[in-house]
Amino acid sequence: MLIILFGLFLFLYRPVCCVFQKLYCTISESCDCDFKPNIRGLEWDLYKNVYGQHLAQDILSEEVAKFLNNKNPDRPLVLSFHGSSGTGKTLVSSMLGNHLYGSAMSSPYIHQFVPTLHFPSPQRVKHYRKELKSWVEGNLTECARSVFIFDEMEKMPPGFINVLEPFLGPSHVVFRTNYRKAIYIFISISGEDVINKVALENRQAGQEREDIKLADLEEAIAHAVYNNNTSGFFKSSIIKQSLVTRFVPFLPLSRCHVERCIRSQLCQQGSCSRQDVVEAVGRVMIYAPVPGKYFSTTGCKAVSAKISFFL
């Protein structure tokens, strides 16, 4: 009843709407910035357009749905994507943004950080830490449903990301907002050795790719990135305090997955029937390890350039 009356007050007294809008958004479930989540759309997009990543598909579908269906989460959703280049980590983060706000990375409530762009100088790390903390707190106050994406975590200065620790747990307070509604995504190639080793052993044993379970990888990834001095999570209190909801493995892609990427991009160009290009591009991609050549060394990353050459 209080929320209804308050909403009526804002409607009748439009001059004060801007003053009270943020406060209203903090107490009303019907006002979350421009937040319009489409969980079914996300699930469909993941299963239709992400190839060879059953673990990522399942984890994202389950965790995002569970988080968004909880009207009062006790902590933010924190996902850490790990795997080789070209396996779909950035694609999936864009899908998530698109199905939460409908505008992907162009939404003012989705914030992306790249170390080489936003934190380029090692001499200014202390300054960057203060800036990042202030930036996150300010944007959480602006919108409780903010999404923060930290790309190329392997290039983050050691210890830098620990400044986020207070925002990721259950006890911190940000004035005038429910900070526990936020989503944090970390993207890194760190941990790829662990993931690729398990995928290779699975392939050499003649097992199905879908036999690889999250339990086979999650703890090993956390251990690997925590102890890797080239990882942004090196000795991080975020891992030590178990503040990451899920470590999401992205498996190396086989030729069949690469060819699906090729076919998808050809269809976007109106050339779905060009099976000759699919086979040609798939053939010239580099695969490893040398005995077996099971997995693409660049995933789907170099596909566009190769297609242009063969068309």
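This is a predicted model: local features need pLDDT of at least 70, side-chain atom pairs count only at pLDDT 80 or more; totals for chains, interfaces and linings use all residues.
**Around Glu279**
- Glu279 belongs to helix α13, which covers residues 275–284.
- Leaving aside residues up to four places away in sequence, Glu279 touches Arg255 and Glu259.
- Glu279 and Glu259 are 20 residues apart in sequence, and their C-alpha atoms are 7.3 Å apart in space.

**Strand β1 and its partners**
- Strand β1 (residues 77–83) is mostly covered, with seven of its seven residues buried.
- On one side of β1 you will find Leu77, Leu79, Phe81 and Gly83, and on the other Val78, Ser80 and His82, and these are all buried.
- β1 runs parallel to β4, and six bridges join the two; His82 stands opposite Ser188 in β4.
- β1 also pairs in the parallel sense with strand β5 (residues 246–250), over five bridges; here Leu79 stands opposite Arg246.

**The largest pocket**
- The largest pocket holds about 630 Å³ of space.
- It is lined by 26 residues, and the closest to its centre are Gly86, Thr87, Gly88, Lys89 and Leu91.
- The elements giving two or more residues to this lining are α5 (89–101), β4 (183–188), α12 (255–268) and α14 (303–310).
- Helix α12 gives the most to the lining, with four residues.
- Sorted by class, the lining has nine nonpolar, 11 polar and six charged residues.

Technical notes
Residues are numbered from 1 along each chain as its sequence is written. Side-chain values use heavy atoms; hydrogens and water are left out. On a 1 Å grid over the protein atoms alone, a cavity is a set of points where a 1.4 Å probe fits but cannot get out, and a pocket is an open set with protein on both sides within 12 Å along at least five of seven lines; lining residues have an atom within 4 Å of a point. Grid points are joined across faces, edges and corners, and a volume is the space filled by probe spheres set on the points. Ala, Val, Leu, Ile, Met, Phe, Trp, Tyr, Cys and Pro count as nonpolar, Asp, Glu, Lys and Arg as charged, and the others, Gly among them, as polar. Contact means heavy atoms within 4.5 Å. Buried means under 20% relative accessible area, exposed over 50%, partly exposed in between (1.4 Å probe, protein chains only). Two strands pair if DSSP finds at least two bridges between them.
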